[in-house]
Amino acid sequence: MKLKAAFYIPVTNSQTEGLCQLIEVADHAVSFIWYRKDPWELAGLAVYHLNEPLSASAWEKLVRVETELPSNPARTQIIYNVKESTLVPDEFYQDGQASDILTLLFGPNIACTTHTISLSGIDARLIYRTPKALDNALRLIYPGSLFTHASIQEVSVWKDFPADLQVVFYPQSIKLALFIHGKLQVIRYLPYQTATDAAYHLLHTARQHGKDAADIRVRLSGMIEKQSPLFNELYSYFPNILFDDIGPLWTLPEGMSAYPEHYFSHLTTLATCVS
């Protein structure tokens, strides 16, 4: 397991009172943001890309190697953002089916824990599974913390954004959510290696729902450069495309202002949802 810090902006203020911590646990990445509320202030950020799926042993290595990660925050939120998840309309769901549904979609995995969360406003629930050893380790380290899935929080916010297609770029994958007239149509994780792969996924999703690329408003966040073949490829199909930002709510530390806000805007969105 190799740990690669894509970003590491440490908390420089020695006063950690009131410091909140959000940890996003993705399939091949783990991100930390440290922040304060009232007013909203982003105090630090660490993003690690992994060359294999995150596991309990990888987590132990990360904590052992990165000894400067802030400890004892006032509050911690664990936000899973894993691809082995799906939305199920309430009318088609029965108690006890979650594990069977995930097995049908992603194959059997007895080393996982299955979770179910209801979504307010759209009469559906999100079911997902996480490595059992990793989930147990996190719950032991952070007892009493909030554990949830990012899609629950994102759907509640994204439906009000001036965009039809929300796209978050991660190492080796993208997460996209399509809304039509503010109503969620689909949310999914898709692998990609090239710009052509990513463009295909966006085009296919739009066409599946009867939408022309020229009429779709696309909002990008995560690991994508503004001046890159990837962006140029997307823009050649989707002329109405923009990058996400953190908005006026947040104050950034000096070391973070040099980076494009869309790199970490999906994390600040999660923080405002769960805090």
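Analyst: Start with burial. A residue is buried under 20% relative accessible area, exposed over 50%, and partly exposed in between; the probe is 1.4 Å and protein chains only are counted. This is a predicted model: local features need pLDDT of at least 70, side-chain atom pairs count only at pLDDT 80 or more, and totals for chains, interfaces and linings use all residues. Residues are numbered from 1 along each chain as its sequence is written, and side-chain values use heavy atoms, with hydrogens and water left out.

User: What is the mean pLDDT of the protein?

Analyst: The term first. pLDDT is the predictor's confidence in each residue, from 0 to 100. Here the protein has a mean of 90, and 96% of its residues reach 70 or more.

User: Where is confidence lowest, and where is it highest?

Analyst: To answer, we need elements. Helices (H or I, at least four residues) and strands (E, at least two) are DSSP runs, numbered from the N terminus. Confidence is lowest in strand 1 (residues 3–9), with a mean of 78. Its highest value is 97, in helix 6 (residues 229–237).

User: How many aromatic pairs does the structure hold?

Analyst: Rings of Phe, Tyr and Trp (its six-membered ring) pair if their centres lie within 6.5 Å. Planes under 30 degrees apart count as stacked, over 60 as edge-to-face, and the rest as tilted. The structure holds 12 such pairs. Among them is Y80 with Y128, a tilted pair: 6.1 Å centre to centre, with 50 degrees between the planes. Y80 is in strand 5 (residues 75–81) and Y128 in strand 8 (residues 124–131), so this pair links distant parts of the chain, 48 residues apart. Both Y80 and Y128 are buried.

User: Why is the pair of F231 and Y235 called stacked?

Analyst: Their ring planes meet at 20 degrees and their centres are 5.9 Å apart, so the pair counts as stacked. F231 and Y235 are 4 residues apart in helix 6, so about one helical turn separates them. Now use the burial rule. F231 is buried, at 14% relative accessible area. Y235 is partly exposed, at 44%.

User: Which residues do ring pairs link into a cluster?

Analyst: The cluster holds F32, W34, Y48 and W59. A ring can also have a charge over its face. The rule asks for NZ of Lys or CZ of Arg within 6 Å of the ring centre and within 35 degrees of the ring normal. R139 lies over the face of F147, at 4.1 Å from the ring centre.

User: How many bridges join strand 11 to strand 12?

Analyst: Two strands pair if DSSP finds at least two bridges between them. Strand 11 (residues 173–180) and strand 12 (residues 183–191) run antiparallel, joined by 8 bridges. I180 stands opposite K183 in strand 12. The hairpin has 2 residues between the strands.

User: Which backbone angles stand out?

Analyst: Most residues other than glycine have a negative phi, and most peptide bonds are trans. H181, in the loop between strand 11 and strand 12, has a positive phi of about 55 degrees although it is not a glycine. H181 is exposed, at 78% relative accessibility. D123 has a positive phi too, of about 50 degrees. D123 sits in the loop between strand 7 (112–119) and strand 8, and is exposed at 58%. The peptide bond from D38 to P39 is cis, with omega near 5 degrees. P39 is found in the loop between strand 3 (29–36) and strand 4 (41–50).

User: How much space lies in the largest pocket?

Analyst: Rolling a probe the size of a water molecule over the atoms shows where empty space is left. The search uses a 1 Å grid over the protein atoms alone. A cavity is a set of points where a 1.4 Å probe fits but cannot get out. A pocket is an open set with protein on both sides within 12 Å along at least five of seven lines. Lining residues have an atom within 4 Å of a point. Grid points are joined across faces, edges and corners, and a volume is the space filled by probe spheres set on the points. The largest pocket has about 400 Å³. It is lined by 19 residues, and T86, L87, Q185, V186 and I187 are the closest to its centre. Strand 12 gives the most to this lining, with 7 residues.

User: Which residues lie nearest the centre of the largest cavity?

Analyst: They are S31, V47, Y170, M223 and H266, among 13 lining residues. This cavity has a volume of about 70 Å³. Strand 3, strand 4, strand 10 (165–170) and helix 7 each supply at least two residues of its lining.

User: Why is helix 7 described as largely enclosed?

Analyst: In helix 7 (residues 265–274), 8 of the 10 residues are buried, so the rest of the structure largely encloses it. H266 and L270 are among the buried residues.
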